[in-house]
Amino acid sequence: MSSQRPSSLILCTLFVSLLALTLWTELAEAKNDAYQIEVSPTSFSQDGAPVTVTVHAKGPRKKDWIALYPAGVVDWSNTTYIKARRITKLPGGEDYLTTGTATLSVFLPNLRANLQVFYFQGEKSPTLVAMSPIITNEVIDFPQQPMLTLAEGNIYTLRWVSTSCDSSSVVRFGNSQKQLNRTLSVTCSTYSVQDMCEAPAATVGFYPPGSFSFAKFPTGLPLKPIYYQFGNRRLNLFSEVHSFHPSNVTADVQTFIAVGDVGYAPADGLRTIASHEPDAVLTYKQFELQNEISPVTALLRIGDLTYADGYLSQHDLHDLAFSPILSHVPTLPVIGNHELGTSSGGECGVPFVHRYPTVSFSQTNRTASYYSMDIGRVHFLVLDTENLYDVGTAQYQFVVDDLSKTFSREKTPWLVVAGHRPMYYYETLKNNLLQVYEDLFYSHGVDVALWGHQHLYLRTCPVYQQVCRPDGVTHIIVGTGGRKLQKTPASVPPPFAYHSGDYHGYLKVEATSERLSLSFLTSQNGTLIDSVHLSPRDP
């Protein structure tokens, strides 16, 4: 009799367990029935293609939201979404709380993966209530994200991103869209999660970057449009035909654009976890308009380029969105604190040196993102304010050698310095950068120093040791590319000649042999806000 009791107890326990499992399953099914998600179409063949997302809820709530993920994510709580938003804040979701239905449009980025839309309830402790069918990416291997950079000697470097880079990767180019009869060899690079320094880049924020392909165009390109196409012969996949116009370094006028602190924002109303800078789109559109008015020699991008902050898919999203301008006007990249340092989210400069080849890209120390070059009448000296720069460091010696040996006033009448963190800012006039470099810049006759970091526009008079003087250096902060603007005081004392925190905008720099003109224009419509004109110094 006693020997049967354990068996009865086991049977009873199994019965209760099965009953509980049945009830849980029924509850789960009821919950799934309460939330439904549909997508149409279920495939896409172009970056940015729209998909219609329809959600249904029997009990809609204010904090219901959708998120775009790479397909097949199992542990979504430890995987960062690509972009997301509350349903009620999206176009098409205005009546969701009343009707329980919303029809939304989501633009699908080609991130070298199939995609899926997840449907959540609650924000602080979200519950996944439904998942869409997998949206098949039909162009996973397609080469994309072309970006040009410029080096001394008018050498153009092309970078693009794809799933693979190998001996079959190639660039075809020529002087006609129909005659791409010359080719360029390619070098490859990539990075992995092991290359990241800390979270989130080394954990939930990591996104596989694909393969980076690099090709250098030859010197002596004719001064007419160069058409090019890039891809992989083995896969028989090639990009559309792009073009750029090599700059005439002897032209009467050379035009540059300078801006920092730009960022990115999705065009469909969703938001990334990293940042949200909708005015960045307006800034880049102004770049395109300026290039149509007067060909732009180069874009000087003064740090804090994408604000990925350790959520690495943001780099892809940024470069996909702005490739129309980056593919035909070369970049001079400057590293900022959101690429390297405590604000980079553990990226420690790794994505920067792979995505933005500079003169220092081929050096042994690939994290030394300081360099210099002559472009026509202008000598550019680019600092890395995020790395060591004090007296005795490699960077300091590089600057000394560049100013004393490389730069020649007879060759280039204008000397322009650029770096991310500013030397002159009204709240921090005793910073280390100023103490280390002001005497050096003054003694060598730096004409203009361009900075970002502070999200405003600020211009000094020609200044030395905080005193306005004709032979001083004009400092300009133009951290106005897209990041939320700072509030500024009603007035600031000399040596500050103009300041504004009211406008996103950029600096247009026009160089002739007789004048250097710097104009601050708004991103909204290109309105002129401030300008200054400098005369050349004696050789």
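Predicted model: local features only at pLDDT ≥ 70, side-chain atom pairs only at ≥ 80, totals over all residues.
**The disulfides**

Counted along the chain, the bonded cysteines pair in the pattern 1-2, 3-4, 5-6.

Select Cys165 and Cys188 to begin. Their sulfur atoms are 2.0 Å apart, and the two residues form a disulfide. The torsion about this S-S bond is about -70°, so the disulfide is left-handed. Cys165 sits in the loop between β11 (155–162) and β12 (169–174), while Cys188 belongs to strand β14 (residues 187–189), so the bond ties together parts that are 23 residues apart in sequence.

Next, select Cys197 and Cys348. Here the sulfur atoms of the disulfide are 2.3 Å apart. The angle about the S-S bond is 110°, and the link is right-handed. This pair connects distant parts of the chain, 151 residues apart: Cys197 is in the loop between β14 and β15 (211–216), and Cys348 is in the loop between β21 (331–334) and α6 (350–355). Cys348 has 17% relative accessibility and counts as buried.

Then select Cys461 and Cys468, which are joined by a disulfide with an S to S distance of 2.0 Å. What is the handedness of the link between Cys461 and Cys468? The torsion about its S-S bond is about -90°, so this disulfide is left-handed. Cys461 is buried at 12% relative accessibility, and Cys468 is partly exposed at 41%.

Select Asp47, Gly48, Leu320, Ala321 and Ser323. Of the 34 residues that line the largest pocket, these are the closest to its centre. By class, the lining of the largest pocket has 19 nonpolar, 12 polar and 3 charged residues.

Finally, select His245, Pro246, Ser247, Pro295 and Val296. They lie nearest the centre of the second largest pocket, which is lined by 20 residues. Two or more lining residues come from each of β18, β19 (254–259) and β20 (296–302). Which classes make up the lining of the second largest pocket? It has 10 nonpolar, 10 polar and no charged residues.

Notes: Residues numbered from 1 in each chain as written. Heavy atoms only, no water. Disulfide = S-S within 2.5 Å. Helix = DSSP H or I, 4+ residues; strand = E, 2+ residues; numbered from the N terminus. Buried < 20%, exposed > 50% of the residue type's maximum accessible area, 1.4 Å probe, protein only. 1 Å grid on protein atoms, 1.4 Å probe; cavity = no way out; pocket = protein on both sides within 12 Å on 5 of 7 lines; lining within 4 Å. Nonpolar A, V, L, I, M, F, W, Y, C, P; charged D, E, K, R; others polar.
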